[in-house]
Amino acid sequence: MRLGVLESEKERVMEEKMTMSTDVTRYQQNLDASNLEIQQLKAKLQDKTTECEQLERKFHMLVEESEELRNCQKSRDENNIALSEQIAEYKIEVKSVKDFLETTQSKLDNQISIAEKLDIELREGNEERRKLLNVVQELKGNIRVFCRVRPLLKKEILDGNDNTHIETSQKSIEITNDCNKNVPYTFDRVFGDTSSQEEIFTDVALLVQSALDGYNVCIFAYGQTGAGKTYTMEGQGDGVEMGIIPRAMKLIFQKSEELLKFGWKYKLSVQHVEIYCEVLQDLLNRETGVKLDIRTAGGVKNSSVWVHGLTEHEVTNQNMVKSLLKQANQKRATAATNANERSSRSHSVFMLKISACNELTGEQHT
C-alpha cells in the first residue's frame, strides 16, 4: 500500500518535473526573447540618443543662426534707415538737378532760337557778301590786265643783259628804248622782277571766292616764249613756288570745307586741253587720236562754249589735281618732241567746273 503511494507520488513528482522543465524551457525562451528585445531597445536607445545629440547640435546651430539673423536684420534695419535718409537726400538733389535742367533747357532753347536767327542772318549776310564781292570785282573791272616782269636768267646775265632799262610802279611800267626815250605803259597792276608767287596769287585770290559763289572766272596768261607764263600759272613743287592753278585749287578745297557748315556741298571736276594749229588735244585722256570739236549754244548774250569729246575728271583733293597736272605736262612734253617749236605755238587751257548745292536753302549753281 505504501509502495503504491510512493509510486503514485513519484509519478506526480515526475509530471511536475516535466511540467517545470517545460516551464523552464518556455521561461528561457521568453528570457532570450526579452534579452533580444532589450538589445534591440538598447540599439534604438543608442540611435535615439545619437539623434537627440544631432538635434541638440542642430538646435544650437539654429539658435546661432537665429542670433545671426537677428543681427543681420538689425543691420538691415540700420541700413534701411541710412538708405531712407540717402533717398531723401537724393530726392532733394534730383529735384535740384531737375530744376537746373529745366533752367538749362530753357536757356538752350533760347540759345537755339538765337542761333537759328544768327544762322539766317549769316546766310543772308553771306548772300549779301557774294553780291558785294561781285560788285567789288566789277568796280575793279570785269577785265583786268596785270603785268609781271620776269627776272633775268643766268644765261642772260652772263650775256651782259640787265633790267636797268625797266622801271616799275604799282600800276605802270616804263621802258627805256634804244633811242634812250622812256616809254610808259599802264596796267591794272604791275609786279616787278622780285615779286613772289604768293604776291601774284594774293591779287587774284578773290576771284577764287567769286568762282565758288557761282560766277565765271578766267585767268589768262599771255606772253612770248620764255616769258614765265607756265611758271606763273603752274609754278614748281608744293612750296613757295606753287603757281596760280595749284594755289587756287588748294584755296577752293579749303573754302569748300569751310562752307560745309553753311549747307554748301561742292563737286569739282577739271578738264585740260591743248590748242595747237587749231587742233585740240585732250591732255587728260590717255587715249590718242580722239577728235575734239568746239561747240557753241545760245544767243549772243547767253551763249555757252564747250569742247565736245573732252574728258572731265572729278577731283576731291590737292594730290589728285597735282597728279592730273603732271599727266598733262607729260603729254605736252611728248607732243613737243614730235613737233618743232610746238611749245611756243601751242596754248593750254585748264578748266575747273564747280557745281554747288545748298542743302539748307535749296540753292544751286554751276
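Predicted model: local features only at pLDDT ≥ 70, side-chain atom pairs only at ≥ 80, totals over all residues.
Residues are numbered from 1 along each chain as its sequence is written, and side-chain values use heavy atoms, with hydrogens and water left out.

Let's look at the whole chain. It has seven helices and twelve strands, counted as DSSP runs (H or I, at least four residues, for helices; E, at least two, for strands) numbered from the N terminus. The radius of gyration, taken over C-alpha atoms, is 57 Å, well over the 21 Å from the globule rule for 366 residues, so the chain is more spread out than a compact globule. That rule is 2.2 Å times the number of residues to the power 0.38. The C-alpha trace spans about 210 × 60 × 50 Å along its principal axes.

Now zoom in on two helices. Helix 3 (residues 197–212) packs against helix 5 (residues 244–258) at an angle of about 45°, with axes 9 Å apart. Those axes are lines fitted to C-alpha atoms over the stretch in contact, and angles run from 0 to 180 degrees between N-to-C directions. Where do they meet, with contact meaning heavy atoms within 4.5 Å? Helix 3 brings residues including Phe201 and Val204, while helix 5 brings residues including Leu251 and Ile252.

Conventions: Contact = heavy atoms within 4.5 Å.
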